[in-house]
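Please look over the sequence and the model before reading on, and keep both in view while following the paragraphs below.

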Amino acid sequence: MKNLKASSVEAQGAVPDDLVVMGYISGAFGIQGWVSLIADTQYADSLLDYKTWWLGKNGQWKSYQVADAHVQPKKLGAKLQGVNDRDAAFALKGCEIAVPRSEMPEPEEGEYYWADLIGLAVVNTQGERLGVIDKLFETGANDVIVVKDGDEERLVPFVGHVVLDVDLDVRVMRVDWGLDF
């Protein structure tokens with residue numbers, strides 16, 4: 001794991017304003033306070049690169065130091081400081097796990113964090129506005145972008161021949177996708 005210094009924001013107890021959700025606590029593991037978690041990252045163990053996690057539910061966030069962690073088949077296990085028994089671990093079930101965006105490495109050219117795509121306007125090659133990116137998810141075959149326009153929702157495959165351009169500066173994604181899909 002990387003040894004990341006606690007930021008002055010964490011030292012003051014304030015919640016960072018740039019949190020990016022990277023997974024969630026799926027339950028308790030064992031009797032000594034370990035939690036099971038599902039990482040929503042390209043590589044499951046990427047979450048283990050961060051020494052401090054922010055756990056949140058219903059908009060309430062609290063920081064936890066990661067004391068120990070390991071990769072299990074299909075999920076991860078972690079021991080958080082101050083979580084010392086199964087009941088305390090189980091109480092965290094359903095909490096989202098986030099880290100400050102400012103602590104994440106910059107993506108390579110042509111790569112994007114999903115969190116950076118949320119809220120981008122989506123426009124097709126005909127100049128028609130499809131809506132705004134609401135969320136993304138994996139299907140196994142390819143990732144999918146959920147684009148919302150009012151009450152209407154479109155699913156757009158996040159693949160190279162469909163997603164033509166992403167401009168984070170102007171907050172627009174250009175796609176080869178019709179309004180009728």
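In what order do the 6 strands of the open sheet stand? The order is 10-9-8-7-12-11, and the pairing within this open sheet is mixed. Two strands are said to pair if DSSP finds at least two bridges between them, while strands (E, at least two residues) and helices (H or I, at least four residues) are DSSP runs, numbered from the N terminus. Strand 10 (152-158) and strand 11 (163-167) stand at the edges with a single partner strand each, so one side of each has no neighbour in the sheet. On average, and with direction ignored, neighbouring strands of this sheet are turned by 35° against each other, where axes are lines fitted to C-alpha atoms and angles run from 0 to 180 degrees between N-to-C directions. Within the sheet order, strand 7 (residues 121-124) pairs with strand 12 (residues 172-175) in the parallel sense over 4 bridges, and V123 has R174 in strand 12 as its bridge partner.

Residues are numbered from 1 along each chain as its sequence is written, and side-chain values use heavy atoms, with hydrogens and water left out. The mean pLDDT (the predictor's confidence in each residue, from 0 to 100) is 89 for the chain, and 93% of its residues reach 70 or more. Over residues 1-12, however, pLDDT stays under 50, and the model has 18 contacts (heavy atoms within 4.5 Å) beyond four places in sequence for them. Where pLDDT is low, the predicted coordinates should not be read in detail.

The next topic is the nonpolar cores, each a set of buried Ala, Val, Leu, Ile, Met, Phe, Trp, Tyr and Cys residues joined through side-chain atoms within 4.5 Å; buried means under 20% relative accessible area, exposed over 50%, and partly exposed in between, with a 1.4 Å probe and protein chains only. The largest core has 25 residues, of which I25, V35, L37, W53, L55, L80 and L92 touch the most other members. Strands 1 to 6 each supply at least two residues of this core, and the largest share, 4 residues, comes from strand 1. Leaving aside neighbours within four places in sequence, L37 is in contact with residues including I25, W53, L76 and I97. A second, separate core of 15 residues includes V122, L130, V147 and M173.

Side chains of opposite charge can pair when their charged atoms come close. A search of the whole structure finds 5 salt bridges, each a side-chain nitrogen of Lys or Arg within 4 Å of a carboxyl oxygen of Asp or Glu. In one of them D116 pairs with R101, their closest N and O atoms being 2.8 Å apart. D116 lies in helix 3 (residues 114-117) and R101 in the loop between strand 6 and helix 3, so the pair ties together parts 15 residues apart in sequence. D116 counts as buried at 17% relative accessibility, and R101 is buried as well, at 16%. Another salt bridge joins R129 to D149, with the closest N and O atoms 3.6 Å apart. Here R129 is partly exposed at 45%, and D149 is partly exposed at 33%.

Technical notes. Predicted model: local features only at pLDDT ≥ 70, side-chain atom pairs only at ≥ 80, totals over all residues.
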